[in-house]
Amino acid sequence: MNVDRRSVLKLAGAGTVAAGVSTVASATGAAAAARGGVAAGAVRTVPTAWPGTAAAATRAAQLVAKMTLDEKIALLHGEGWSTGTVGYAGRVPANTRLDIPALYLGDGPGGVGNGSTGVTQWPDSKTLAATWDPDAARAYGAAYGAEQAAKGHNIALAPCINILRVPYWGRSFETFTEDPYLNAELAARVVEGIQTNPVMATVKHFAANNQETLRGSIDVVVSQRALHEIYYPGFRAAVQRGGAAAVMTSYNKVNGAWSHENRTAVRDTLRDAWGFDGLVMSDWGGTHSTLLTARAGSDMEMPGSTYLGSKLKDAVTAGTVSAATVDTMAVHVLAAMYRTGLFDHRLPDPATVLSKVVSSDAHLQLARSIGVQGSVLLKNERVLPFARPASLAVIGGAADAGARTHGGGSGAVTANGTVVTPLAGITARAGDIPVTYTKGLAGAADAARAADVAVVVAADYTGEGADRTTLALPDGQDELIAAVVAANPRTVVVLNTSGSVLMPWLDGAGAVLANWYGGQEQGSALAAMLFGDAEPGGRLPETFPASEQQGPAKTTVQYPGDGVQVYYDEGLAVGYRWYRSSGEKPLFPFGHGLSYTTFRLSDLRLERYGDGYRASAAIRNTGHRTGSEVVQLYLTAPAAAGEPAGQLKAFEKVTLEPGESRTVRLGLPREAFAVWQTAGTGWTVVPGTYTVSVGRSSADLPLETTVRIG
Ligand code: BGC
């Protein structure tokens, strides 16, 4: 789908819903702000709920009316993993009297987790984000959701969409990006895909869960503006556009309140402003109270029943929590179940499908395709694609036994069948081209020198529970790469890492490919790119710093905090926004990625369109092979808006044959110009001159025009 059609749909969608919600359509000023609408001038309404909401909520309310207090409370907490390897992370038992199905909650973002077998180990979320392709996100969601369903899990604990605030975050591989717009575009579509199955998507972790260090206690001190502009948009899109049925709150506190009892975030924002009436569960062990949790608008404690079991019943008896509040909580759970078809499409009991193989050739093919589309070619001195090399040296432990295809923690996935390592993939594709393999430093330079082309594979290991302490590659791999590139300039460095790493050897490398954690088809996807069967289609969803000293959040109180609080003092200057305002030159900028062909962009035009504008630009493939480019649009607001310059507001991925030209249209609805100022004014368009820049990364924007907004 091109941006043109997408923006038409978006605008049409907003209009349709607004028509049915007159209070929103007529709201102005503070009321519009609270709703998430755009103040000043024409008020742009936003959808406040999903299609089918009314029917599902009605059915849920009817069912709740038949339930005893104990039955309602039984819906508001669940069991954890205590029963051994069952393939899921939590369970809420069925209510047989009323025929309410059990809920089975299964991790995670990169595939069915919790020790499940027979499933696909997909490329990680970072790879998916690097595709810059919302359609790929939807396709992934649908296929992954089908595996959850086939394993009997009607709640997927995915996607994870927390902003990558610092590159050290241990769960970097589980999340998408440092940019709220890219995040929102992908989050909505993954959710939509998952919920094409009778499976709830759970967007997590709401909110401002951006580090592992002290994640279970840290208090994030962050402005409402940064929350609304940077940390919330993905959640809002997942809920309003994607129709997410469930939200998981985060472990941390935000501005003094635990996320699960954070009234400002859950009740005022998620529920009242965004119209979310689905299930809000805690992260595992992230419930800390009875009264505050119930009053904040949250519904479910996971796992266990310390606070939302007998204590909740006692609170109702004592009158400190009203019976109506418990009804509302139960309605949220059941409405989410009705809406996602959980009553109408019963899934198998997970115990009966424990050993069932739910992966398929089609899923492996999709995994390969996402692997290719999400790999980012960072540098290429005419080394790639290979032109039938005489011989190949594959080097590095990470190419073989030490291959890193997924991360650790609840995001870990056990692959069904073979994990194709880089060495296995390259060897299979090389055919009769001789391939040697050298694991470590000893002999690496000699092997590289003796070969026509060398491929050195490096990896890091990251996982939930711990942040990286350095951006340097671990285990002497920098030394290994330096030795290999010194011995053979025709060396391709393949990085199987969770995110950015430092590259002290960069100058000597012939090519560098960010291949992330590529899942079980990693080696096949890699070989296809090296040999030119396909080109790497990815663009960076995060900035790669040139040194540990670069980037925002450089003081201890900003990261990892003072032991109690962490101050998000950089405000809106997260990721590339920081680099542009500070003037620091990163190693590779956000949005960067090379193709095997070349492109030329020209003819930027802007026209009025709907309630906003539409940019168009011509793009031509000036090279000799078919390739894809991501045309990116960045907006700079007038100084009075107080915004970082150059923020991503639209993009479109196009594939062109040699010599082919296309006009790309990039929608800029009025909300693209809005900034979130204060709780009173909310989303506002500040009058003035806006600069629209179009190009191929946040730091390569050859086309520019301006528009005055009154
Ligand atoms: C993680 C969640 C996960 C849950 C269940 C928690 O530790 O933060 O992302 O879904 O465990 O495994």
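Analyst: We can start with the residues that line the largest cavity: there are 14, and Arg165, Pro167, Glu178, Pro552 and Tyr579 lie nearest its centre. Keep in mind that this is a predicted model.

User: What classes of residue make up the lining of the largest cavity?
Analyst: Six are nonpolar, four are polar and four are charged.

User: And how much space lies in the largest cavity?
Analyst: About 120 Å³.

User: How many cavities of 30 Å³ or more does the structure hold?
Analyst: Six of them.

User: OK, on to the ligand. Which residues are closest to the ligand?
Analyst: The closest are Asp107, Arg171, His205, Asp283 and Glu464, out of 14 residues that surround the ligand. By class, that shell has six nonpolar, two polar and six charged residues.

User: How far is the side chain of His205 from an oxygen atom of the ligand?
Analyst: An N or O atom in the side chain of His205 is 2.7 Å from a ligand oxygen. For Glu464, a polar side-chain atom lies 2.6 Å from an oxygen atom of the ligand. Tyr251 also has a side-chain N or O atom 2.9 Å from a ligand oxygen.

User: How much of the ligand's area does the protein bury?
Analyst: The protein buries 96% of the 310 Å² that the ligand exposes when taken alone.

User: Back to His205. Where is His205 found?
Analyst: His205 is in strand E5, which covers residues 200-206. The peptide bond leading from Lys204 to His205 is cis, and its omega is near 0°.

User: What about the peptide bond from Phe206 to Ala207, cis or trans?
Analyst: That bond is cis, with omega near 5°. Ala207 lies in the loop between E5 and strand E6 (219-221).

User: Change of topic: backbone angles. What is phi of Trp132?
Analyst: Phi of Trp132 is positive, about 50°, although Trp132 is not a glycine. Trp132 sits in the loop between helix H6 (125-130) and helix H7 (134-150).

User: Is Trp132 buried or exposed?
Analyst: Trp132 counts as buried because its relative accessibility is 0%, and the cut-off for buried is under 20%.

User: And what is phi of Asp603?
Analyst: Asp603 has a phi near 55°, again a positive value in a residue other than glycine. Asp603 is in strand E18 (residues 599-609).

User: Why does Asp603 count as partly exposed?
Analyst: Asp603 has 45% relative accessibility. Buried means under 20% and exposed means over 50%, so a value in between counts as partly exposed.

Key
Residues are numbered from 1 along each chain as its sequence is written. This is a predicted model: local features need pLDDT of at least 70, side-chain atom pairs count only at pLDDT 80 or more; totals for chains, interfaces and linings use all residues. Side-chain values use heavy atoms; hydrogens and water are left out. On a 1 Å grid over the protein atoms alone, a cavity is a set of points where a 1.4 Å probe fits but cannot get out, and a pocket is an open set with protein on both sides within 12 Å along at least five of seven lines; lining residues have an atom within 4 Å of a point. Grid points are joined across faces, edges and corners, and a volume is the space filled by probe spheres set on the points. Ala, Val, Leu, Ile, Met, Phe, Trp, Tyr, Cys and Pro count as nonpolar, Asp, Glu, Lys and Arg as charged, and the others, Gly among them, as polar. A residue is near a molecule or strand if one of its heavy atoms lies within 4 Å of it. A polar contact is a pair of N or O atoms within 3.5 Å; within protein, one must be able to donate a hydrogen and the other to accept it, and residues adjacent in sequence count only if both atoms are side-chain atoms. Accessible areas come from the Shrake-Rupley method with a 1.4 Å probe; for residues, only the protein chains shown count as cover. Helices (H or I, at least four residues) and strands (E, at least two) are DSSP runs, numbered from the N terminus. Buried means under 20% relative accessible area, exposed over 50%, partly exposed in between (1.4 Å probe, protein chains only).
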